[in-house]
Amino acid sequence: MSANSLESLLNQMKGGSVTHGWGAIAAFGRAQLNRLLEQQYLAWLSDSRFVPPISGDIVLADGAESVKLEDLFLGKPVLSFATASLNLSVVTLKMNIVGGTYTAMSHAIGSVPRLMSSFSITEEMGYHIELKVDLGQVEGEVDKRGRVTLDLGSDPTMKCNLGGFAAIQTKIAAFIHTRLAALPGDARTFELGLFDFSGYNPLSPKGFYLRTQRAPGADDPSALNYGDGAVLVFIRLKVKDENGEGLPSDGSGFPYLIPDDQAAGKQLYSASLVLNHENLGLLEETQLDVLKNLLFPGENIFVESTNGRHTPFDLLVLGNVKATEESVEVQPPFVSLKGGKEQQFSARKSDGSTINATWSVSNPIDPLSVGTITVAGLYTAPVTQRMGKERQPIVVTAQYADAGRQQTRSALVLGVFESMGVSPRVNISGVGASANPIPLTVSSVAGAELVWPTLTPAEGVLTVIDNNHAIYTPPASLAAPLAIQKISVSEKLTNELIEATIVLVAAPHNLPVEPPYVASATASLPIQLSTQLPPDVLLWEVIGEGSVDQFGLFTPPQAPTSRFSVVKCSYSDHGIVLASGFSVIQLTEQLEPVPHWLSLEKFTIEAVGGRDTAFANGCQQIPVLITLETKTTTVGGQEYDIPVSDAELATLRLVDKATGAEVPFVHVAQEGIEYGSGTQFAANKKRNRFRFFSRTGTSDIFPLAPDAPTNNRERRRELYIQMGVGGSRTFYARFQGVGNRTFNSIDYVDPGKDEVTVHAEIFLPPDPDPDPNKSPYKFTRDRVTQDRDGYDLPPSAQNPEGDYFSFYRWSTDYWRLNFNVPTSAGSRIVPFVTSSIEANISSLQWESELLDEKFFSYTGCAFNPANYEGSNSPVPEGLSFDPYLWGLIRERRKKLNPVFEDGKEPAAGEFVVSLHRVDDMPYWYDGMANGDERKLFRKNLEPGLKITLLDIDGNRHALQVSFESIDKEDSRNKLVLRRQ
C-alpha cells in the first residue's frame, strides 16, 4: 500500500476531524492547476492580456559590462510545490524564456568596447525565471466570488538563470521583475480557483484561507512526483461563518488529501473536498453547496469521482478538475516550427470531437511576420528570409459560435530560423592559460541525439558533458593575432547542424571600430564601419564571408554558409601595424529587415454610439472606442501597411487630462469600483453585466461590436470608463509605440481640422442623478399555497383590505421585490443584478410569547439575478433558509421545504422573500439553549433581513425586510419593506 493511497488516507482520517474547526477544506493538485494556467496563458495571447516581450539594457560592474536583452518572450507558468510549507501559502512558479536575444558587451576602462557573447534563446536551452509567489485571495464585491490568484509581479527576489555569472543573473532577474510589476493587473494575475459566495444555504461558502502543501516524497529531485503538491483552501461556511480554530503546520500530521491511486497508469484524483463532520446532518436536507459553488476559470468544473464519497469521520469527496463537455481547445497548443514548414491545427471539444472554426494568425510583436493559414486550419510559417527575428511568437486563433456568441481559442507557434539552437552563438575569448573555458549548450526542437565534433589541439579542446552540453577550452596559442573557431554540432538522424563561433584573440586589439557588433546583417544592406582615424592609414580585411572596401563599407554575402564574419581594421605607418580592432557581424538569410511603422495617421477616442454618460456608482460603464491608424511605411522604395502591434496595443491607457495621471484599471477580479473606496474613476478592459445609461431604460446590455477597420493599418480597441464620483471629466488616450515612445491622442490634432471631429479627447458631462430614494419599490404579496380548508374574508367597509390569513391554519406567500422608476408613460421596472444579505437570511415570529404558542411564521428568500454574466441566469434551484432556522426546525423535529411552488420561481431581476405560516411549531425561547450558542435561534433570527441590491444600472439599494413589532395585531402575517 502506498503511503499516499486512498486506503492510507482513510486510515489517517478515522481518528477524528482533520478540519481544524473549519467548515470544509478543498485541495487542488498541481497537474490540474498547471493545466488551468496554461489555458489562461493561451487565452490571453489573443486578448491583449499577455506579458509583452521584454527588452532593455542592463549595466553591470560599474559600467565595465552591459547586457542587451531583446524581445524576451515568457512561456506558460508552471507550478512546483517542492519547497511548499503548510506554514505558508507560498508556491514556486517558473516561466521558461522561449525566445529573445542576449548580447553581452565589455566597456572596460582603457579598452575598446567589445562583444563578449551573443545568442538567440530557445526554450530547450532551459533559461527561465523562478518566483516564490504568495497566493492571493480576492473577493469581488459585485459578483461575490472569491478568487485564488497568482501575481507575477509580487516577488522582488525572483531568480533568473540567464547570464553567465550569479551577479549578472541577479541583475537580469531584478530587471525582469520591474517589467512584470509595472504590468496592469489583468496581464500579470492568474487565477487558480473560484468560490461563489452568493449562496445563502448552510453549506454555502462564505470565505477562505489558503495554504500550500507538498505531496509526500515530492521534495526529492529523483522522485517521479518531484514538485507535486496541492493548494489547500480552508473554507468558512454559512452554517458557521467564522474562521476555524487555526491552520495546520509542518509536522502536525495533517494528511495529504489527494490520494495517488492510479488506473491504467493515470492518477485517479486531482482534487478533493473535506466537509466537517459537524455538518453531515445537513446533507440529508440540503445539497453540498460548498462543492456546487466551487468554480474554476475557463470552462472547468469539479467532477466527483464514481464512489468518490467516504466518511471515515469527516466527509471526504474525491474528484477531478475537468473541462466541461462544451469546452474547446486548439490542438496542438504549443509548437515550434521552422520557417516555411506546415502544421495542421484543429479546434476540439473535450471529448475529442472537432468543431467548425474560422482561423486567423497574428504576431504580437511584428504584425507582418505571421505566415498563412487555410480555412481548414493548415498553418504555414513565414519563410526564414521573411521572419525578421530568429524566433517569432505567432498566435493561431480559432473563432467559433457558442450559444449565439463568438468565442475564441488560441495556440502558440514559435517560428524559428533553425530547429536547433546554441548558447553562446558567438563568444570572444583569449587563448592560453588565462583563457576561461566556455560552456556550450545545444538544443534541438526534436530532442534528437547530437553529434559533437572532434577538435585538433590547434583548435582547442572540446569536452562533451552530455548530449546537450560541452565545454570548449581555447588552444594554448594561435598562429595569427585574430581567428575564428567554428564548432559545428549536428543531429544524428537529420544531419542538420548548428554552429557556435568563437572569436579567438591572441594579441591586443585596442583600435575602436564602430559598431563593435552588428546583430543582424542582410545582403541588401551594406554596413558602414568606421574609426576616428583617416581612411588612408587604415587597412580593412574580412575574416569569414563578405567583403569590405578601403573605406570600411562591409557588404554581406548573398547566401552565407556561416553565421558570423569578423571585419578587422589595422592602423599602419609605412607598412608597420601600430594598432588593430575588429567588429563582429552576424549574418542572416533575411532578404531584408522586417519594417516597422514610424508615425501615426490617426489617434482618436470617442464615446461609442454617443454614450458619454453614466451614473457615478462605480459600476455603470461608458464605452469608448480608440482608433489607431499608422501611416504607410516606405522601405527601399516599397510601401508597407503596418498596424500597431498587439504588444503595443496592450499598453493602451486612458489619461485624466486635468492631472495627467493615467486612469487605473479596475482590478481583474472586480467588475466595478469598490463601494466606499473613494476612487474617482477607473477604466475597464471588459464589458461588465450592467447596462449602458439610457433615460428610457432601453440601452444595450451586451457589448457593442465596433466597426471593422477601414484598412490594414488601423486597429480599434474598446475600453470602458467607470465613474465613482460625480462631475464632468475629460480623458485622452496613451500608448507605448516604436522605440518605446509615448504617444498621446491629444498630440494628433491637426490645427486645420475641427477638434470635435478629430476626437483627440473625450469630455464626459456631469453624471445624472439616479435618485433611487425618490422612486418607489413594489413589494407585492403573492399567495402561492394555502390550507385547503381555509377561506378568504373579502374586503368590506370595516376591513378594506380583507383578511387572507385568519381563516387559514397555514399558508405560503412570496413577497416579490421590484424597483420601479417613473416614466412619462407610467413606470418601468429596473431589475436587480446582485444581492447580498448582511447577517441572517431568515426571520421568525410566533403569534404570541405564550409558552404553549404554536402558531408560527418564518421566512426564506431567493434571488434570480438579471443579466448574469451577460446573459439570463438559470432560475435559482430553490428557497434559501438561514442555518439557525435549519437548526431550530431540526430541534423541533420539523421539516423545511426549499422547493419552489410550481410556476412561482422569481422572475429575472426579482428578489423574493417567502413567508411561511404554520400552526404546529412549538414555542422556543433562547433560555432553552442551556448556553449552547448554536441554539440561540431567537437572537439570530428575530432581526429583519438587511439586503443590499444592485440594479441593472449599477445603483445601490440598501433595504430591510421584517415583520412588524409583535405588539401589533397579526404582525406575523405580513412583511414590511424599509430603507436601511
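Cys619 is buried, with a relative accessible area of 2%; buried means under 20% relative accessible area, exposed over 50%, and partly exposed in between (1.4 Å probe, protein chains only). Cys861 also counts as buried, at 0% relative accessibility. The count of disulfides is zero, a disulfide being a pair of cysteine sulfur atoms within 2.5 Å.

This is a predicted model, in which local features need pLDDT of at least 70 and side-chain atom pairs count only at pLDDT 80 or more, while totals for chains, interfaces and linings use all residues. Residues are numbered from 1 along each chain as its sequence is written, and side-chain values use heavy atoms, with hydrogens and water left out.

## Overall architecture

The protein chain contains nine helices and 62 strands. These elements are DSSP runs numbered from the N terminus (helices: H or I, at least four residues; strands: E, at least two). The C-alpha trace spans about 130 × 80 × 50 Å along its principal axes.

Of the 980 residues in the protein chain, 54% are buried. Among contacts with a separation of 6 or more, 69% join residues 24 or more positions apart; contact means heavy atoms within 4.5 Å. The chain exposes about 42600 Å², and carbon and sulfur atoms supply 50% of that area, as computed by the Shrake-Rupley method with a 1.4 Å probe, where for residues only the protein chains shown count as cover.

## Helix 3

Helix 3 (residues 166-181) has 16 residues and reaches 22 Å from its first C-alpha to its last, close to the 22 Å expected at 1.5 Å a residue. The expected span is 1.5 Å times one less than the number of residues.

Buried positions in helix 3 are Ile168, Ile172, Ala173, Phe175, Ile176, His177 and Leu180. The buried residues of this helix pack against several elements, including strand 3 (65-80), strand 4 (90-106) and helix 4 (185-188).

## Aromatic pairs and charges over rings

There are 28 aromatic pairs. Rings of Phe, Tyr and Trp (its six-membered ring) pair if their centres lie within 6.5 Å; planes under 30 degrees apart count as stacked, over 60 as edge-to-face and the rest as tilted. Phe603 and Phe735 form an edge-to-face pair, 5.5 Å centre to centre with 80 degrees between the planes. Phe603 lies in strand 43 (residues 600-607) and Phe735 in strand 50 (residues 729-736), so the pair ties together parts that are 132 residues apart in sequence. Both Phe603 and Phe735 are buried.

One aromatic cluster is formed by Trp846, Phe856, Tyr858, Phe881, Trp886 and Tyr923. Arg956 lies over the face of Tyr675, at 3.6 Å from the ring centre, and Arg783 over that of Tyr808, at 5.5 Å. A charge sits over a ring if NZ of Lys or CZ of Arg is within 6 Å of the ring centre and within 35 degrees of the ring normal.
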